[in-house]
Amino acid sequence: MKKISRSSNSKLLKMEEFFPESFRLDLKDERNAFFELCKEEQIWICKPSCSNQGQGIFLLKDPAAVTTLQAKLHSTEEYLLNKRVSHKAPQARIVQRYIHQPLLLEGKKFDVRSYLLIACTAPYVLFFAQGYVRLSCVNYDAASDDLTVHLTNQYMQKKNSQYNQLKDETVWRMEHFNSYVNEKFRKTNGLPEDWVFTVFTKRMQQIMLQCFLAAKHKLDRKLGYFDLIGCDFLIDENFKVWLLEMNANPALHTNCKVLRDIIPTVVYESL
């Protein structure tokens, strides 16, 4: 990012301005730094890289859970060393500081899925598309052990017994979200009108562009290459925008009314 700042006039955000503190568990230095840091009572979320649909994600909610994870990683490392396959690192996972005071919509946790289309790499051509809001079926409780309270993607929400009854309420159009913020939060939080389509959208685009600039040297620069990236954003109760993750294989299911309208349009426009 320092290279970019020297060659670009655009203002760069610091990582802590948009990305929750995170550590890679497959890198020894980062792993040790995390285990040194996380001794206090705080929630961390642990997730595998190169995965989607919320698979393999779990919460670290107390020191005992952290100690168990540390012992498991240590035993895996010992096993690999004894087998003389030292080039193999422990499973690629990250731990990320959990944002325990998210903004809630009608008492429910939510995040926003937006899209970044890398339409071309020679030259670089990027497009942004609004997506949709993903809500949990049940009310938010930071102390809950139910993952469907904490993870809002559709794959995870399907595991909740109330999903079939509530599935059309778990996805909102951005227009609905904008109207809700105007009505419920604009005056009390001193937000400009249409905050969702102005301040929030601009921030998402700024973050996406910065992530692209950081990773563009890894992209295949060849004729015909394009990629649709699903970007997940969370808004906390202070209306700070956080990037949770970027997905190279975003779900394109149409299992509720809003998605049946949005997903085909995103695919058609991408192509």
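User: In this predicted model, which residues of helix H2 (residues 28-37) are buried?

Analyst: Arg31, Phe34 and Phe35 are the buried ones.

User: What makes them line one face of H2?

Analyst: Look down the axis of H2. The buried residues fall within an arc of 95 degrees, so they line one face of the helix. On the other side of H2, Asp29 and Glu36 are exposed.

User: Why is Asp26 called buried?

Analyst: Buried means under 20% relative accessible area. Asp26 has 15%, so Asp26 counts as buried.

User: What makes Asp26 and Arg24 a salt bridge?

Analyst: The cut-off is 4 Å between a side-chain nitrogen and a carboxyl oxygen. The closest N and O atoms of Asp26 and Arg24 are 2.8 Å apart, so the pair qualifies.

User: How do you know that Asp232 and Arg113 tie together separate parts of the chain?

Analyst: Their side chains meet in a salt bridge, at 2.6 Å from N to O. Asp232 lies in strand S9 and Arg113 in strand S6, so the pair ties together parts 119 residues apart in sequence. Both Asp232 and Arg113 are buried. They also belong to a salt-bridge network with Asp111 and Arg134.

User: How do you know that the length of helix H9 (residues 199-215) agrees with its residue count?

Analyst: At 1.5 Å a residue, the 17 residues of H9 should span 24 Å. The end C-alpha atoms are 25 Å apart, which agrees.

Note on methods
Residues are numbered from 1 along each chain as its sequence is written. This is a predicted model: local features need pLDDT of at least 70, side-chain atom pairs count only at pLDDT 80 or more; totals for chains, interfaces and linings use all residues. Side-chain values use heavy atoms; hydrogens and water are left out. Helices (H or I, at least four residues) and strands (E, at least two) are DSSP runs, numbered from the N terminus. The expected span of a helix is 1.5 Å times one less than its number of residues. Buried means under 20% relative accessible area, exposed over 50%, partly exposed in between (1.4 Å probe, protein chains only). The arc is that of the directions from the helix axis to the C-beta atoms.
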